[in-house]
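Please read them with the structure open beside you.

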Amino acid sequence: MEAVTVAAILGRPLFADAQIVAGASGISRPIRWVHVGEVPDVSAYLEGNELILTTGIGLSTREARAQYLRGLAHVAGIILECGRYLPEPPDDMIDLADGLGVPLIVFCRPVRFLDLSQDVIPLLLNQRHQTLANLEPLARGLRHALLNTLGFEAIVDQLSRATELSAAFFSPWLRPAGSIPPDTADWLTHQPPLSAMGRERLPFAPHLALARQTVYAGRERAGELLLWLPADARVWDEWLVLAMDRTATALAQEWLRTQPERKRREHRETWMAEQLLYANHPLSRTADDVLHELGLDSTQLAAWVIAVEPHSPLSAAEWQLARQACHSILLQEGRQAVGLAKGNRHLWAIISPRAHPAAPNWLRLLRDVATRFACRVGISDTIADPSRFSEARRQAMDVLTVAGLLAVTGDDSAWIFTYGSVGLYRLLLRTPRDVLQSSLIDYELKPLLAYDTLHRTDLTGTLRVLLTYSESRAKAAEVLYIHRQTLYHRLRLLSRLLGPDFLSPTRRLSLQVALAAHQYLNALGERAPSALPLPDTARDG
């Protein structure tokens with residue numbers, strides 16, 4: 001049944017002598033109800049698309065009319081009975097209604113608002129009844145999908161069939177039901193929940209509009225129901241709103257039904273991750289069973305281990321959102337992901353049935369999530385042998401340790417690291433820590449660290465800056481926030497402690513490696529630091 005619009009009621013006998021004097025561009029607006037509006041703040045009592053009836057009482061001034069009309073920009077139309085209060089519609093009222101596109105319909109004779117209401121409201125009730133009748137095929141399909149436990153995909157398919165539009169259900173913990181482009185999935189991870197159905201423009205697809213409704217199961221946000229619309233579609237069509245609402249309810253019921261199963265699956269996923277990442281014998285029958293359960297051939301896979309850690313403490317809700325966003329990204333493009341929590345870190349084994357590198361798009365999405373939630377991400381090398389999962393797990397965890405030393409607040413590129421990007425630290429990670437201390441740090445830096453401890457200075461920080469900006473003393477002084485004469489004084493102290501050749505190419509390389517090892521062990525807490533390393537500032541030595 002067609003919507004009851006302003007144009008439709010103007011064709012009825014009771015409206016034969018009504019004149020539309022402004023806002024003719026809005027005569028296709030649908031009418032949801034009829035409301036008498038004689039108070040200035042009537043907009044506070046409306047929901048949108050009402051037909052407003054008024055005699056113009058209280059609209060004797062230009063300011064009052066402007067306030068009244070601007071508050072009614074979202075209604076279907078305004079019917080004005082001219083007479084005692086407004087003999088005719090003022091020009092300013094006509095101009096403003098035209099500008100807002102709100103139909104202004106005028107009766108130049110007394111008219112009973114009761115008659116107008118009784119003429120229009122039965123049309124709306126009939127339309128409502130027909131809308132509910134038209135929903136019945138969708139309701140039957142949803143009941144069939146629920147009673148036969150056909151799953152989220154079948155529920156979404158019922159909405160697609162009923163609307164003849166593309167629909168999907170997005171949940172960070174599940175594979176998408178329906179087709180969701182990667183850009184849309186990434187965009188959804190950044191969107192807050194909606195209290196009601198909303199229409200949104202996609203920045204990367206201006207030719208489409210997205211009808212979105214957040215699906216709640218109890219107090220839990222289960223996911224987002226999506227419906228792609230042409231950009232000029234009227235999303236507030238009542239049938240469409242009710243169809244989305246019925247489908248969202250069915251998805252919530254399916255979510256609650258599968259919750260015990262989902263909990264079991266989460267426990268199973270944790271067990272599988274334990275077997276792949278921590279098993280002593282990853283080539284055992286158990287590891288092969290894990291890969292078989294994931295539908296993968298252990299001889300044809302490409303895999304990574306991803307470790308994520310908050311840079312600073314997050315609330316439980318924020319940490320859950322961060323993990324959900326990462327999990328959603330890792331499941332895209334046909335990958336499998338099993339994960340588990342270890343303290344304040346979360347690890348995933350990411351497995352793909354086809355060998356392809358970590359695509360830039362994948363890394364970009366992870367970087368966006370890491371930046372949003374202030375998390376560090378460590379990624380292992382790509383592996384193709386199940387026996388190397390444990391090694392890949394150590395790589396990812398090591399990268400997080402190094403990331404804590406290298407991350408720079410506010411620098412997006414510093415939130416995500418791969419094992420191949422940590423350079424010298426790969427050598428430090430594989431060198432016994434007592435060897436680093438005795439053969440490198442003590443051998444190269446012992447006099448300097450002892451001086452800093454005794455005098456409570458930070459010549460170690462000064463040395464680090466000097467080695468970084470060895471070609472420019474002026475730049476080094478600027479970074480240290482000291483006068484150049486103070487820098488020369490520190491240079492003399494460093495020369496006395498480390499030897500006059502400490503800035504020679506060979507010695508400079510040794511000192512840089514020793515400083516990196518010292519910073520690394522301090523981060524691990526292996527040896528109490530002689531002085532806290534401050535790479536960008538230093539006290540006067």
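1. A residue is called buried here when its relative accessible area is under 20%, exposed when that value is over 50%, and partly exposed in between. His346, which belongs to strand β12, has a relative accessible area of 9% and therefore counts as buried. Leaving out residues up to four places away in sequence, His346 touches Ile306, Ala307, Val308, Trp319, Arg323, Gly339, Leu340 and Ala341. Please keep in mind throughout that this is a predicted model.

2. On the overall make-up, the protein has 17 helices and 14 strands, and 50% of its 541 residues count as buried. Of the contacts with a separation of 6 or more, 68% are between residues 24 or more positions apart. The accessible surface comes to about 26100 Å², and carbon and sulfur atoms account for 53% of that surface.

3. The largest nonpolar core deserves a look of its own. It has 41 residues, and those with the most contacts inside it are Tyr425, Leu445, Leu448, Leu463, Leu494, Leu498 and Tyr520. At least two residues of this core come from each of α11 (389-406), α12 (425-429), α13 (433-455), α14 (459-468), α15 (473-480), α16 (484-498) and α17 (505-524). There is also a second, separate core of 32 residues, which includes Leu142, Ala209, Ala211 and Leu225. As background, nonpolar side chains tend to be buried together in soluble globular proteins.

4. Which residues does Tyr520 contact, leaving aside its neighbours within four places in sequence? Its partners are Thr401, Leu405, Tyr425, Leu428, Leu429, Arg433 and Leu436. Of these partners, Tyr425 is also listed, together with Tyr520, among the residues with the most contacts inside the largest nonpolar core.

5. Asn49, in the loop between β2 (33-36) and β3 (50-54), has a phi near 65°; with a relative accessible area of 19%, Asn49 falls under the 20% limit and so counts as buried. Thr149, in the loop between α4 (113-147) and α5 (152-163), has a phi of about 45°; at 43% relative accessibility, Thr149 lies between the two limits and is therefore partly exposed. The C-alpha atoms of Thr149 and Thr258 are 9.4 Å apart in space, although 109 residues separate Thr149 from Thr258 in sequence.

6. Is Gly218 buried or exposed? This glycine, placed in the loop between β8 (205-217) and β9 (220-230), has a relative accessible area of 62%, which is over the 50% limit, and so Gly218 is exposed. Its C-alpha atom is separated by 8.3 Å from that of Ala252, which is 34 residues away along the chain.

7. Leaving aside neighbours within four places in sequence, Thr5 is in contact with Ile27, Ser28, Arg29, Pro30 and Ile31.

Note on methods:
Residues are numbered from 1 along each chain as its sequence is written. This is a predicted model: local features need pLDDT of at least 70, side-chain atom pairs count only at pLDDT 80 or more; totals for chains, interfaces and linings use all residues. Side-chain values use heavy atoms; hydrogens and water are left out. Helices (H or I, at least four residues) and strands (E, at least two) are DSSP runs, numbered from the N terminus. Buried means under 20% relative accessible area, exposed over 50%, partly exposed in between (1.4 Å probe, protein chains only). Contact means heavy atoms within 4.5 Å. Accessible areas come from the Shrake-Rupley method with a 1.4 Å probe; for residues, only the protein chains shown count as cover. A nonpolar core is a set of buried Ala, Val, Leu, Ile, Met, Phe, Trp, Tyr and Cys residues joined through side-chain atoms within 4.5 Å.
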